[in-house]
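Welcome to this short tour.

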Amino acid sequence: MQSMLNREQSPIDHSFVDELATLEPKAAAKRLECLNAQDVATILVSLSPVVSEEILLVMADDRREEIISAAPAAIAHQWAINFTFPEDSIGRLLDPPHAVFRAEMTVEDCIERIRKLAKKLLITYGYVVDPHDRLIGVVAMRDLLLSKREVRLNEIMLRNPFYLRTTDTVLEAMRLVVNKHFPVYPVCDGEGKLIGTLRGPALFEQHVVEISAQVGKMMGLEKEERLSTPLATSFRFRHPWLQLNLLTAFVAAGVVGYFQTTIDKMVVLA
């Protein structure tokens with residue numbers, strides 16, 4: 001997962017971070033109440049964007065602002081942008097676009113900058129934008145390594161690259177990338193401006209969650225419910241469905257009771 005921190009350098013217990021990912025947002029936020037804002041920000045950065053943002057959204061406004069302020073500037077800025085998009089859109093899943101370059105930069109300048117970024121980030125592609133931050137090309141690491149250092153990026157970049165839109169739903173994005181198995185996808189707004197990046201595993205992970213939620217709704221399960229959800233919370237989620245099922249059972253029993261005499265006369269039903 002693209003992150004501002006390496007997991008090896010994080011002072012936070014990784015087992016605790018993994019446990020948070022399995023909890024519902026409110027339960028996870030409660031587990032983080034005893035930690036200071038800096039540690040919470042470090043933990044949330046190491047989680048996937050959708051999980052960290054769900055946890056932030058259930059926190060009190062002042063606590064959320066405190067944690068966002070303690071996060072790295074690029075991550076905090078990206079969180080603020082992600083919150084502006086609809087819940088079911090891929091705009092909620094974005095990581096910051098770190099490796100962003102201008103078309104007039106040389107290969108040597110680009111490589112030197114990537115070397116600095118690679119010390120704390122996982123860089124897969126370089127993104128070339130115009131003065132208005134519109135995406136105009138993508139540069140692969142292989143092309144950078146094989147090109148002469150004085151060559152400019154506009155000579156080796158892949159023009160008119162494929163990208164997703166911030167307003168695309170998870171299902172729409174899955175349909176668009178079904179034949180494009182890229183590790184990272186650039187995500188732009190309606191004007192083609194680069195807003196963030198979306199890692200392939202994060203997209204597929206969210207798609208699995210959506211599918212599981214659809215099946216769960218048929219049985220009265222809520223999207224927020226997890227295996228670790230407390231019994232009282234699960235009962236509150238499922239109570240309306242249980243009442244409805246009980247009502248329909250009474251109706252069916254009433255119908256059978258009303259026609260009991262007829263049923264008794266029909267041996268075939270026995």
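Helices (H or I, at least four residues) and strands (E, at least two) are DSSP runs, numbered from the N terminus. Colour the chain that way and you will find 13 helices and seven strands. This is a predicted model, in which local features need pLDDT of at least 70 and side-chain atom pairs count only at pLDDT 80 or more, while totals for chains, interfaces and linings use all residues. Residues are numbered from 1 along each chain as its sequence is written, and side-chain values use heavy atoms, with hydrogens and water left out.

**The whole chain**

Accessible areas come from the Shrake-Rupley method with a 1.4 Å probe, and for residues only the protein chains shown count as cover. The chain's accessible surface is about 15800 Å², with 59% of it belonging to carbon and sulfur atoms. Of the 270 residues, 42% count as buried (buried is under 20% relative accessible area, exposed over 50%, partly exposed in between; 1.4 Å probe, protein chains only).

**A three-stranded sheet**

Next, select 164–165, 184–188 and 194–199. Strands pair here if DSSP finds at least two bridges between them. In what order do the strands of this open sheet run? The order is β5-β6-β7, with mixed pairing. At the edges are β5 (164–165) and β7 (194–199), each pairing on one side only. Now zoom in on β5 and β6 (184–188), which pair in the parallel sense over two bridges. Show Arg-165 and look across to β6, where its bridge partner is Cys-188.

**The second largest pocket**

A pocket, on a 1 Å grid over the protein atoms alone, is an open set of points where a 1.4 Å probe fits, with protein on both sides within 12 Å along at least five of seven lines; lining residues have an atom within 4 Å of a point. Select His-77, Pro-97, Val-100, Leu-194 and Ile-195, which lie nearest the centre among the 15 lining residues. The largest share of the lining, four residues, comes from α6.

**Last stop: a loop**

Finally, select Pro-131, in the loop between β2 (125–129) and β3 (135–140). Is Pro-131 buried or exposed? With a relative accessible area of 72%, Pro-131 is exposed.
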